[in-house]
Amino acid sequence: DPTRQELFTAIRGAGVQVDGRRVRVSARRELPGALVATGFPYRSNTRWMGPYLGMLRAVMEQTAGVRRPGSAALDLAYLAAGRTDAFFEFGLESWDIAAGMLMVQEAGGLVTGLTPEPVLTSGNILAGTPKVHDALRELLLPHLNTPAA
């Protein structure tokens with residue numbers, strides 16, 4: 001994270017570190033009080049706009065807040081470091097999320113897709129602390145059947 005002059009590192013089986021200090025996902029266990037990071041669909045990815053707006057509203061109503069740091073890789077790194085409790089986004093590229101997925105998993109979090117396709121193929125990702133991940137998944141899934149705006 002060049003803005004904070006921090007270096008996030010992860011090695012499969014060896015955990016996650018920020019500037020050499022080991023980190024873990026937060027201990028948050030429920031949506032109320034959770035801080036959720038996301039990214040916004042952009043013009044060429046409008047197929048997700050309708051469902052996304054429904055999801056965003058539901059998340060805003062059920063959690064402590066939504067944040068948009070600006071980079072999926074950084075969103076996932078912050079989740080791994082316990083700074084946020086969950087992250088979701090659609091239509092990302094594998095290079096946007098591959099390293100962050102490893103960080104979240106190594107820090108004790110869960111990473112799944114929101115659609116049946118594999119995360120790295122679809123670019124549709126949901127990640128979080130184990131309990132928040134599951135609760136957020138239940139909150140978001142009904143919105144996937146909403147027609148695009």
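**Sheets, helix packing and aromatic pairs in a predicted model**

Strands β1 and β2 (residues 15–18) are paired in the antiparallel sense over four bridges. Helices (H or I, at least four residues) and strands (E, at least two) are DSSP runs, numbered from the N terminus, and two strands pair if DSSP finds at least two bridges between them. The model is predicted, and local features need pLDDT of at least 70, side-chain atom pairs count only at pLDDT 80 or more, while totals for chains, interfaces and linings use all residues. Residues are numbered from 1 along each chain as its sequence is written, and side-chain values use heavy atoms, with hydrogens and water left out.

An open sheet of three strands is formed in the order β1-β2-β3, with antiparallel pairing. Its edge strands are β1 (8–11) and β3 (21–23), each of which pairs on one side only. From one strand to the next, the twist averages 35°. Axes are lines fitted to C-alpha atoms, for helices over the stretch in contact, and angles run from 0 to 180 degrees between N-to-C directions.

Helix α3 (residues 94–106) lies across β1, β2 and β3 and runs at about 75° to β1. Contact here means heavy atoms within 4.5 Å. The helix has 13 residues, and the distance from its first C-alpha to its last is 18 Å, close to the 18 Å expected at 1.5 Å a residue. The expected span is 1.5 Å times one less than the number of residues. Ile97, Gly100, Met101, Leu102, Met103, Val104 and Glu106 of α3 are buried, where buried means under 20% relative accessible area, exposed over 50%, and partly exposed in between (1.4 Å probe, protein chains only). After α3 comes Gly108, with a positive phi near 95°.

In general, strands of a sheet pair through backbone hydrogen bonds, either parallel or antiparallel. Strand β4 (residues 35–38) is joined to β6 by three bridges, and the two run parallel. The bridge partner of Val36 in β6 is Ala86, and that of Thr38 is Phe88. Strand β4 also pairs with β5 (residues 65–67), in the parallel sense and over three bridges; here Ala37 has Arg67 of β5 as its bridge partner. Strand β6 pairs with β8 (residues 125–128) in the antiparallel sense over four bridges, and Leu126 of β8 is the bridge partner of Phe88.

The side chains of β4 and β6 were also examined. In β4, Leu35 and Ala37 point one way and Val36 and Thr38 the other, and all are buried. In β6 (residues 86–89), Ala86 and Phe88 point one way, Phe87 and Glu89 point the other way, and all are buried. Asp85 lies in the loop between α2 (72–80) and β6. The relative accessible area of Asp85 is 6%, so the residue is buried. Not counting residues up to four places away in sequence, Asp85 touches Ser26, Arg28, Gly33, Ala34, Leu35, Leu79, Gly128, Thr129 and Val132.

Aromatic rings were then compared. A pair of aromatic rings is described by the distance of the centres and the angle of the planes. Rings of Phe, Tyr and Trp (its six-membered ring) pair if their centres lie within 6.5 Å; planes under 30 degrees apart count as stacked, over 60 as edge-to-face and the rest as tilted. The count by this rule is three aromatic pairs. One of them is the tilted pair of Phe8 and Tyr78, at 6.1 Å centre to centre and with 40° between the planes. This pair links distant parts of the chain, with Phe8 in strand β1 and Tyr78 in helix α2, 70 residues apart. Phe8 is buried because its relative accessible area is 12%, and Tyr78 is likewise buried, at 12%.

The ring centres of Tyr52 and Phe88 are 5.8 Å apart and their planes lie at 35°, so this pair is tilted. Distant parts of the chain are linked here as well: Tyr52 is in helix α1 (residues 49–62) and Phe88 in strand β6, 36 residues apart. Tyr52 is buried, with a relative accessible area of 2%, and Phe88 is buried, with a value of 0%. Ring pairs link Phe40, Tyr52 and Phe88 into a cluster.

Arg83 lies over the face of Tyr78, at 5.0 Å from the ring centre. A charge sits over a ring if NZ of Lys or CZ of Arg is within 6 Å of the ring centre and within 35 degrees of the ring normal.
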